[in-house]
Amino acid sequence: QYPFDVEAIRDDFPILERLVGGDPTSPGEDEGDDVDLVYLDNAATSHTPDPVVDAISDYYRSYNSNVHRGIHQLSQEASVAYEEAHDVVADFIGANGREEVIFTKNTTEAMNLVAYAWGLAELGPGDNVVLTQMEHHASLVTWQQIGKKTGAEVRFIEVTDDGRLDMADAEAKIDGDTEMVSAVHVSNTLGTVNPIRELAELVHDHDGLIFADAAQSVPNRPVDVADLDADFLAFSGHKMCGPTGIGALYGRRELLESMGPYLYGGEMIRKVTFEESTWEDLPWKFEAGTPSIAQGIGLAAAIEYLEDVGMERIEEHESLLAEYAYDRLTDLGGVEIYGPPGDERGGLVAFNVDGVHAHDLSSVLNDYGVAIRAGDHCTQPLHDELGVAASVRASFYLYNTVEEVDALVDAVREARDLFA
Ligand SMILES: Cc1ncc(COP(=O)(O)O)c(CN[C@@H](CS)C(=O)O)c1O
């Protein structure tokens, strides 16, 4: 029994009616398209419902203009919509107003903004930054390279055999020299839900900061920055029914006030002379140049769409599908699933089938119309720890159904038997 009317939700996503299997150079038109799409790659990117597409189209059709500058009506309308989109995000994640919400291109840029604008200024030899072994490359590579530039040590909290964070190791590695903990809230590979608040307490006890990578949690469950006690938090619009090209960095106001700009140019300045420049107030200090106006408006529309369904109910729906998939794949036999048990994870399942390479498996699944991801999911060091070069990953969202999980399992069985 679903927590909401999934069929009514699916009606908002025409793409879910797509037939696939034809020539990818002629999307949707090829006579070879004769298999129902079963889209289970939502951790890579989610689909965009009609209300969000309409909000973006309406901007371009009726009040497209540059923001913050113009006195004319269109610019004022665009400015209000773009600026108020920051308020929608702030309310959604429990931030104290738009001043704590910086729009970025995506989670990756948000991570780099903090690593460069805070990290380069604050880190040096003797300091350390503590990550987890399950970090996405967006944080792992960023802090790894900032460590090389500053001389700060980068440490990694180990993952237990059942895909959880080793908190004893966390306590050992977070110490008086730890300036930052950067941890994924929900792993995009294991589905593990990490104890961000517990990590925050550990690092705050040592006067350090915590950055929560919430790219796989803000879209999928209720997230409140105060509940997590996060100092920074980031997520991407494209994983939550929004457009690509927009993400958000949350930062405690006093921290953002203390940081210099990350990018320079228009919008982010107040006064410029040949010799000096002064900066705009938050959040504009960190939004240089013409912003992603339509995308910001689209993100606000996506949040309104998700809130209308309810984040608790979306979390419940994803957990139902993940647990069902975990159990059915386990029952299939010859399947190795990574991460904690099915009832203790976010809405995704990464696995391998004995004797079948992940890319071969995903190729066969594609022949059955099942769209999942194969590879390292931007967590190569974690896959090294798992002892596998790649995995396949099914990731669920509010418009997926139990029947689609059944289609996944049937296709996996076909692939297993094909390669047996
Ligand atoms: C936990 C986590 N952290 C950061 C990112 C990066 O998001 P960007 O919008 O690409 O900047 C992602 C996006 N993970 C996609 C693309 S690699 C996936 O297939 O899993 C993520 O899941």
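Me: How do the residues lining the largest pocket divide into nonpolar, polar and charged?
Reply: The lining has 7 nonpolar, 10 polar and 5 charged residues, with Asp, Glu, Lys and Arg as charged, Ala, Val, Leu, Ile, Met, Phe, Trp, Tyr, Cys and Pro as nonpolar, and the others, Gly among them, as polar. This is a predicted model, where local features need pLDDT of at least 70, side-chain atom pairs need 80 or more, and totals for chains, interfaces and linings use all residues. Residues are numbered from 1 along each chain as its sequence is written, and side-chain values use heavy atoms, without hydrogens or water.

Me: What volume does the largest pocket have?
Reply: About 320 Å³, as the space filled by probe spheres on the grid points. A pocket here is an open set of points on a 1 Å grid where a 1.4 Å probe fits, with protein on both sides within 12 Å along at least five of seven lines.

Me: Switching to the ligand, how many residues surround it?
Reply: 17 (a heavy atom within 4 Å), and T108, D213, S236, H238 and R373 are the closest.

Me: How far is the side chain of R373 from a ligand oxygen?
Reply: An N or O atom of the R373 side chain is 2.5 Å from a ligand oxygen.

Me: And S236 and R393? 
Reply: For S236, the side-chain N or O atom is 2.7 Å from a ligand oxygen. R393 also has a polar side-chain atom 2.7 Å from one.

Technical notes. On a 1 Å grid over the protein atoms alone, a cavity is a set of points where a 1.4 Å probe fits but cannot get out, and a pocket is an open set with protein on both sides within 12 Å along at least five of seven lines; lining residues have an atom within 4 Å of a point. A polar contact is a pair of N or O atoms within 3.5 Å; within protein, one must be able to donate a hydrogen and the other to accept it, and residues adjacent in sequence count only if both atoms are side-chain atoms.
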